[in-house]
Amino acid sequence: MIPLLDHGYVKLIGHYGTEETVIESARMSTGKGFEGWDKDARLLEFLYRNGHMSPFEMCDLTVEVQSPIFVVREWQRHRTFSYNELSARYARMPDLHYVPTKERVAKQSSTNKQSSGGALCETEANEFRAAIQEQQERIYEYYTDAMNHLGVAREIARINTPVSRYTRMRVKGNLRNWLQFLALRLPENAQYEIRVYAEAVASIVKELWPRTYELFEEWTLGAVTLSRSEARKIGLS
Ligand SMILES: Cc1cc2nc3c(=O)[nH]c(=O)nc-3n(C[C@H](O)[C@H](O)[C@H](O)COP(=O)(O)OP(=O)(O)OC[C@H]3O[C@@H](n4cnc5c(N)ncnc54)[C@H](O)[C@@H]3O)c2cc1C
């Protein structure tokens, strides 16, 4: 289990397939199997570089995630994953809420409409943290009171839930899905809170499929895309 933020985690639940599985799947076209990494490291690179991604779909990874609801909302935009999430209709939600560190309580960026900019002063950051914590506690107390004393149904009592409250889900996807997720959620322009989850997933993917992860770093994460005009400007087209 990889602990994250103040109450979150990413836990490996299961995986299927190795990089030999990727090669064997690619070789279905010729009827040959895995021939050893001396030869097949080049094939793996050829597949990745040229976007022959279906063999990478033969490997699967399932993780369990505990994260604030706003992180889950971003995560669930990745439509090719399979998800199962805790139901606040069946069960009471956990009394766990995300309070960012004072360093994380930043000002709105003046250059990027989606991002944070410089740090707030420590007093103001702590004021914000104390205020949201107090609100989270008050909302949670009323949530439990409404169920315990008024008999309000769980599905109604939960409607005032802040997106800072933690939830849990399982996410399953194939290796290609996971690399697409990482390509979008590891870079600096992704929100910090989902980025730390992506980093945890990346460490799992790297351990399970190290050659593929290296290709991902080389040809996707660290690669630079140029437009036609940009390529022309530097004499590449
Ligand atoms: C930094 C950042 C900021 C974002 N900001 C916002 C925002 O402000 N508002 C917002 O709504 N979303 C936002 N998103 C979410 C973003 O628009 C995508 O929904 C999300 O990143 C998932 O990407 P995807 O569609 O490629 O992935 P997936 O849903 O996993 O799909 C994988 C691939 O399958 C194909 N595919 C899947 N579904 C379809 C379909 N219906 N039609 C055609 N092809 C399909 C596409 O090729 C796609 O790339 C943001 C994402 C990032 C990374």
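In which helix does threonine 212 lie? Threonine 212 belongs to helix H8, which covers residues 210-221. The model described here is predicted. The chain contains 9 helices and 7 strands. Its radius of gyration is 22 Å, well over the 18 Å given by the globule rule for 237 residues, so the chain is more spread out than a compact globule.

**Threonine 212**
- Threonine 212 counts as buried because its relative accessibility is 1%, below the 20% limit for that class.
- Apart from neighbours within four places in sequence, its contacts are Glu19, Leu44, Phe56, Leu175 and Leu179.

**Nonpolar cores**
- The largest nonpolar core comprises 44 residues, and Trp75, Trp178, Leu182, Tyr197 and Val205 have the most contacts inside it.
- At least two residues of this core come from each of several elements, including helix H1 (19-26), helix H2 (37-49), strand E3 (60-68) and H8.
- H7 gives the most to this core, namely 9 residues.
- Tryptophan 75, leaving aside neighbours within four places in sequence, is in contact with residues including Val65, Met169, Trp178, Phe181 and Tyr197.
- A second, separate core has 7 residues, among them Met93, Tyr143, Met147 and Ala157.

**Whole chain**
- Along the principal axes, the C-alpha atoms fill a box of roughly 70 × 45 × 25 Å.
- Of the 237 residues in the chain, 38% are buried.
- Among contacts between residues at least 6 apart in sequence, 73% join residues at least 24 apart.
- The chain exposes about 14400 Å², of which carbon and sulfur atoms supply 48%.
- The chain has 31 positive and 31 negative charges, whose mean positions are 6 Å apart.

Methods
Residues are numbered from 1 along each chain as its sequence is written. This is a predicted model: local features need pLDDT of at least 70, side-chain atom pairs count only at pLDDT 80 or more; totals for chains, interfaces and linings use all residues. Side-chain values use heavy atoms; hydrogens and water are left out. Helices (H or I, at least four residues) and strands (E, at least two) are DSSP runs, numbered from the N terminus. Buried means under 20% relative accessible area, exposed over 50%, partly exposed in between (1.4 Å probe, protein chains only). Contact means heavy atoms within 4.5 Å. A nonpolar core is a set of buried Ala, Val, Leu, Ile, Met, Phe, Trp, Tyr and Cys residues joined through side-chain atoms within 4.5 Å. The radius of gyration is taken over C-alpha atoms; the globule rule is 2.2 Å times the number of residues to the power 0.38. Accessible areas come from the Shrake-Rupley method with a 1.4 Å probe; for residues, only the protein chains shown count as cover. Lys and Arg count as positive and Asp and Glu as negative; His and the chain ends are not counted. The place of a charge is taken as NZ of Lys, CZ of Arg, CG of Asp or CD of Glu.
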